[in-house]
Amino acid sequence: MLMVSESTNIELLSLFSAQQLLYPLHSGLTCFGGPDEQYSRLQGLLAEPYTQVCIAIHEEEVIGYATLLSPEPVERWSLLSYVRVMGVLEVSPPYRGQQIARSILQRLFRDDEDIERRIVLAFEYYWHWDLKNSGLDVYEYKSMLKQLLMSSGMEEVYPDDPDIHAHAANFAMARIGREISTEQMQRFFYMVNPRIW
């Protein structure tokens with residue numbers, strides 16, 4: 001485990017497919033369902049191949065986490081074996097403002113041995129954001145989230161995805177691994193949006 005903060009004794013741990021999540025989720029993790037529901041979902045994801053979950057732990061509870069997944073079979077990205085999708089990224093409200101989300105992302109990417117041979121795609125939809133607890137409006141939250149994702153090496157991409165275009169606050173970002181070939185990158189960006197390629 002890697003210590004995030006000596007003062008609050010927060011630790012980070014990466015879990016991979018076929019491993020078990022041994023810690024319950026903090027009661028404040030509610031953006032994507034109740035803690036028990038999210039715990040069950042995480043266990044299900046860890047039963048799937050090519051799953052990685054990075055968790056932040058405090059006093060033997062998960063107080064934040066992020067997921068790295070294979071695209072769903074119905075998604076166009078599933079045709080590219082080197083693409084992964086970043087799923088949930090959430091930190092419980094009492095623990096926000098301590099750079100925990102940034103640390104989780106850095107650990108998530110650092111612990112994937114093949115990360116430089118991957119493209120990681122993140123779709124951000126405002127209806128998933130915890131605007132109520134953040135005190136930010138939708139565009140301030142978008143700016144904050146963009147800065148967070150950029151800190152882990154992501155850059156904005158512009159897919160022709162209807163959900164992205166459903167609201168001006170929605171956006172997508174990608175992290176292009178250093179070992180991705182020109183051909184792989186071209187295939188990816190053509191798939192992102194053939195009309196602007």
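**Labels and their cut-offs**

Q: What makes Asp114 and Arg118 a salt bridge?
A: The closest N and O atoms of Asp114 and Arg118 are 3.6 Å apart. A salt bridge needs a side-chain nitrogen of Lys or Arg within 4 Å of a carboxyl oxygen of Asp or Glu. The pair therefore qualifies as a salt bridge. The model is predicted: local features need pLDDT of at least 70, side-chain atom pairs count only at pLDDT 80 or more, and totals for chains, interfaces and linings use all residues. Residues are numbered from 1 along each chain as its sequence is written, and side-chain values use heavy atoms, with hydrogens and water left out.

Q: Which other residue forms a salt bridge with Arg118, and at what distance?
A: Asp112 does, with the closest N and O atoms 2.8 Å apart. Asp112, Asp114, Arg117, Arg118 and Glu179 are linked in a network of salt bridges.

Q: Why is Asp112 called buried?
A: Its relative accessible area is 8%. Buried means under 20%, exposed over 50%, and partly exposed in between (1.4 Å probe, protein chains only). Asp112 is therefore buried. Arg118, at 12%, is buried too.

Q: Is Asp114 buried, exposed or partly exposed?
A: Asp114 has 29% relative accessibility, so it counts as partly exposed.

Q: How many salt bridges does a search of the whole structure find?
A: It finds 12. One of them joins the side chains of Asp160 and Arg76, at 2.8 Å from N to O.

Q: What does the pair of Asp160 and Arg76 tie together?
A: Asp160 lies in the loop between β7 (155-157) and β8 (171-176), and Arg76 in the loop between β4 (61-69) and β5, so the pair ties together parts that are 84 residues apart in sequence. Helices (H or I, at least four residues) and strands (E, at least two) are DSSP runs, numbered from the N terminus. Asp160 is partly exposed because its relative accessibility is 22%. Arg76 has 29%, so it is partly exposed as well.

Q: Why does Ser92 count as buried?
A: Ser92 has 0% relative accessibility, so it counts as buried. Ser92 lies in the loop between β5 (83-91) and α2 (100-110). Beyond its neighbours within four places in sequence, Ser92 is in contact (heavy atoms within 4.5 Å) with His26, Gly28, Leu29 and Ile63.

Q: What makes Leu25 buried?
A: Its relative accessibility is 7%, so Leu25 counts as buried. Leu25 sits in the loop between β2 (10-16) and α1 (35-46). Leaving aside neighbours within four places in sequence, its contacts include Pro35, Tyr39, Leu42 and Val62.

Q: How do you know that the radius of gyration agrees with a compact globule?
A: The radius is taken over C-alpha atoms, and the globule rule is 2.2 Å times the number of residues to the power 0.38. With 197 residues, the rule gives a value near 16 Å; the protein chain has 17 Å, so the two agree. Of those 197 residues, 49% count as buried.

Q: What secondary structure does the protein chain have?
A: It has five helices and eight strands. Along the sequence the pattern is β-β-α-β-β-β-α-β-α-α-β-β-α.
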